[in-house]
Amino acid sequence: MALKYYSTRDKTLKHDFGQAVVQGLAPDGGLYLPEAIPRFSMDFWNSLRSKTPGEIGFELIRPYTKGVVPDEKLHTITSESFDFAIPIVPLGGSASILELFHGPTLAFKDFGARFLSRVLSHLASKENREIHILAATSGDTGGAVAQGFYQVPGTRVWVLYPKGKVSPIQERQFTTLGGNISALEVDGNFDDCQKLVKQAFSDKDLASKIWITSANSINIARLLPQMVYYAWAWTQLAEVEGPPVFAVPCGNLGNLTAGVLAWRMGLPVKHFIAATNRNDVFPEYLLKGNFTPRASISTISNAMDVGNPSNFERLVALFPEGHQSIQSMISGYRFDDFQTIQAMKVIHHGTGYVSDQHTAVAFAGLQSWQQAHPESKAMVLGTAHPAKFSEVVEKALGASIELPGALKEMASKDKKNISIENDFGSLKQLLLG
Ligand SMILES: *Cc1c(COP(=O)(O)O)cnc(C)c1O
């Protein structure tokens, strides 16, 4: 029997994995969660010790996709999706950095995007139809989605981005591929891009002619694959080291929610640290118990500039026992830009390690927590390669950063994009080809 998914706003609304993935967001605005969370024994977790990230992904995700994605297919999907290194770099003392940025766009979002693209490709082949993926981006998502879907059969990607408002490196990541990836430069801002995508989803005429979906970050198929690196990290520790602490740099809380889901499945975890920049809605919730979304503030760790974290509903739903149980498992901390730069300097001076500003926020969170828990074995989740944010990192550390090969290669390729007016008619015409 296939597992059912319910909406966080309506427990009676139930769909299978395929429907939940194609819809992304539930029709009532809620987020999909599995009706039952499998719980594995210690024997199971220990059996992962000899496995690759691809194999670990297969074992962890299989219960969630049963009946929709055949095992053999899932095995191919997970081994293709997680085929890059996940190094663990010791920082001295009891902390290490879990480097999640060795995929094609040098950020941890590759885990989710690569898995989602292959799942959608499988669903498209079952229907024998091409599936169009629309993604509005302010920078990072476009690259992860474009690289994730590039040359994936049955998929056609349209990245909408605001003209003149994304960094040159970010723009290269989705404008140099060609093939099934089209980059649409919109004469407007990010909100305009998002509005165009929303209009496309509500246009009945368009829906009757082509099959469209989004690669939104709240998609359940972007969440599940993020459990893989928590489990992988644990398999790399010796048994005597005990359950680790994970320090997570948070924005929309997808990364943290995936860790909590893995823990609910039985993965040994001592504690989670949720670290944010000045956009501190979640640490405030942990402290006071009330959730007060607000407009986001710009910071140097801009991938975390989120004022209304979209995975909040899902995370809370994973703690049915209530607020105290969240507090006992997750500690929240917030840091301003000055403190973030200080943390980058502390890491660099202490060990020579160059971290990006997002990772540094999590490191600062761990330092705060370790004042009361000095012995705990801890992993700081490294979410982006420092070269992706070289302007900030070079200024903070006074050191120059070498571009990794993948980025160098991209910088030399030609940009291909289509300029469109900020007008739904132009978009629709393009989509209908
Ligand atoms: C998206 C992102 C984050 C935040 O992750 P969430 O899952 O949204 O909490 C942190 N760091 C980097 C580099 C990111 O791109």
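## Basis of the model

Because the structure is predicted, local features require pLDDT of at least 70 and side-chain atom pairs count only at pLDDT 80 or more, whereas totals for chains, interfaces and linings use all residues. Numbering starts from 1 along each chain as its sequence is written, and side-chain values rest on heavy atoms, with hydrogens and water left out.

## Ligand surroundings

Oxygen atoms of the ligand take part in the following pairs. Lysine 109 places a polar side-chain atom 2.5 Å from a ligand oxygen atom. Glycine 251 has a polar backbone atom 2.8 Å from an oxygen atom of the ligand, and a backbone N or O atom of asparagine 252 lies 2.8 Å from a ligand oxygen atom. The ligand taken alone exposes 380 Å², and the protein buries 96% of that; accessible areas come from the Shrake-Rupley method with a 1.4 Å probe, and for residues only the protein chains shown count as cover.

## Cysteines

The count of disulfides comes to 0, a disulfide being a pair of cysteine sulfur atoms within 2.5 Å. Cysteine 193 has a relative accessible area of 0% and is therefore buried. Cysteine 250 also counts as buried, because its relative accessibility is 3%. The classes are buried under 20% relative accessible area, exposed over 50%, and partly exposed in between (1.4 Å probe, protein chains only).

## Leucine 25

Leucine 25 sits in the loop that runs between helix H1 (17–23) and strand S3 (32–34). Helices (H or I, at least four residues) and strands (E, at least two) are DSSP runs, numbered from the N terminus. With a relative accessible area of 41%, leucine 25 is partly exposed.

Apart from its neighbours within four places in sequence, leucine 25 is in contact with Gly30, Leu31, Tyr32 and Ile218, where contact means heavy atoms within 4.5 Å. Leucine 25 and glutamate 185 are separated by 160 residues in sequence and by 25 Å in space, C-alpha to C-alpha.

## Serine 390

Serine 390 belongs to helix H18 (residues 390–397). Its relative accessibility is 16%, so serine 390 counts as buried. Residues up to four places away in sequence not counted, serine 390 touches Lys395 and Ile401.

Methods: Polar contact = N/O pair within 3.5 Å; in protein donor to acceptor, adjacent residues only side chain to side chain.
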